[in-house]
Amino acid sequence: MKYLIFDTKKEASVESYKILKSLIDKNSTLGLATGSTPTDLYAEMIADYKAGNFSYKNIKSYNLDEYVGISYDHPESYHKFMDTNLFDHIDINKENTHVPDASAADLKLAVKTYQEELNNTQIDVQILGIGGNGHIGFNEPGTPFDAGVHVVDLKEETIKANSRFFDGDINLVPKQAMTMGIKDIMRAKHIILLAFGKEKREAIRSLVEGEEITENIPCTILKNHPSVYVLVDKEADFK
Ligand code: PGA
């Protein structure tokens with residue numbers, strides 16, 4: 001695991017894009033994340049695309065997760081987030097982008113379909129944020145490490161943390177999500193995990209310094225992955 005500390009989110013994100021670019025080519029498959037963490041990385045991707053340095057024409061993408069219970073055109077749906085923060089600004093073919101179909105009438109079928117899609121692909125680089133409780137994707141504490149795609153009841157702390165996107169009102173935050181499993185995340189060839197802010201510090205400590213690998217702190221499984229880059233700002237650094 002490479003652990004890199006930066007003064008700011010911006011500096012970490014610039015470096016994360018350099019790392020990403022060194023790991024992919026024009027035909028790669030990306031695993032993408034949402035939330036406030038990857039926004040500056042996506043801004044770097046867009047700027048480099050606009051400068052004519054990289055094309056997403058043949059790139060495929062798979063997103064980690066999506067809320068259950070809000071429509072795709074809800075401003076806080078992860079479908080919408082990806083369009084607004086990345087896909088609408090680069091030349092990716094939207095048919096090559098995949099976000100869990102969490103508003104499907106048949107959610108069980110949607111889970112099965114996403115699992116099959118993931119099983120039939122190889123993600124080259126998975127971008128990850130991290131929850132204060134150590135979740136990756138929406139794999140909350142207690143999720144078995146061998147879980148695949150599933151629907152999850154969000155933990156209270158996650159609903160609270162995400163209420164900042166919903167006018168601070170926890171009642172507006174969806175209570176469930178559909179997420180890639182830990183097993184799916186671990187299949188990626190490379191992982192770039194970003195963490196900003198003091199709320200992430202203890203999770204980062206468990207990941208980088210802790211010795212335990214435990215389902216109670218889902219990120220700790222990444223210790224077993226052969227190629228992980230962890231980039232943090234100084235607030236998220238535990239030292
Ligand atoms: P955030 O969420 O990027 O909005 O902080 C990260 C996560 O919960 O995985």
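Trainee: How much space lies in the largest cavity?
Mentor: About 40 Å³. Keep in mind that this is a predicted model.

Trainee: And how many cavities of 30 Å³ or more does the count come to?
Mentor: One.

Trainee: Which residues line the largest cavity?
Mentor: Leu 118, Thr 121, Gln 122 and Ile 123 are part of the lining. Asp 184, Arg 187 and Ala 188 line the cavity too.

Trainee: How does that lining divide into nonpolar, polar and charged?
Mentor: Three residues are nonpolar, two are polar and two are charged.

Trainee: OK, new topic. Where is the ligand?
Mentor: The ligand takes up the space of the largest pocket.

Trainee: What surrounds the ligand there?
Mentor: Gly 35, Ser 36 and Thr 37 do, and so do Gly 129, Ile 130 and Gly 131. His 135, Arg 164, Phe 165 and Lys 200 also surround the ligand.

Trainee: How does that shell divide up?
Mentor: Six of its residues are polar, two are nonpolar and two are charged.

Trainee: How far is the side chain of Thr 37 from the ligand's oxygen?
Mentor: An N or O atom in that side chain is 2.4 Å from an oxygen atom of the ligand. For Arg 164, a polar side-chain atom lies 2.9 Å from a ligand oxygen.

Trainee: And Ser 36, is the polar atom there backbone or side chain?
Mentor: Backbone. That atom of Ser 36 is 3.0 Å from an oxygen atom of the ligand.

Trainee: What share of the ligand's accessible area does the protein cover?
Mentor: It covers 86% of the 280 Å² that the ligand has on its own.

Definitions and conventions: Residues numbered from 1 in each chain as written. Predicted model: local features only at pLDDT ≥ 70, side-chain atom pairs only at ≥ 80, totals over all residues. Heavy atoms only, no water. Near = heavy atom within 4 Å. Polar contact = N/O pair within 3.5 Å; in protein donor to acceptor, adjacent residues only side chain to side chain. Areas by Shrake-Rupley, 256 points an atom, 1.4 Å probe, with all protein chains shown as cover. 1 Å grid on protein atoms, 1.4 Å probe; cavity = no way out; pocket = protein on both sides within 12 Å on 5 of 7 lines; lining within 4 Å. Sits in = over half its atoms within 2 Å of the grid points. Nonpolar A, V, L, I, M, F, W, Y, C, P; charged D, E, K, R; others polar. Points joined across faces, edges and corners; volume = space filled by probe spheres on them.
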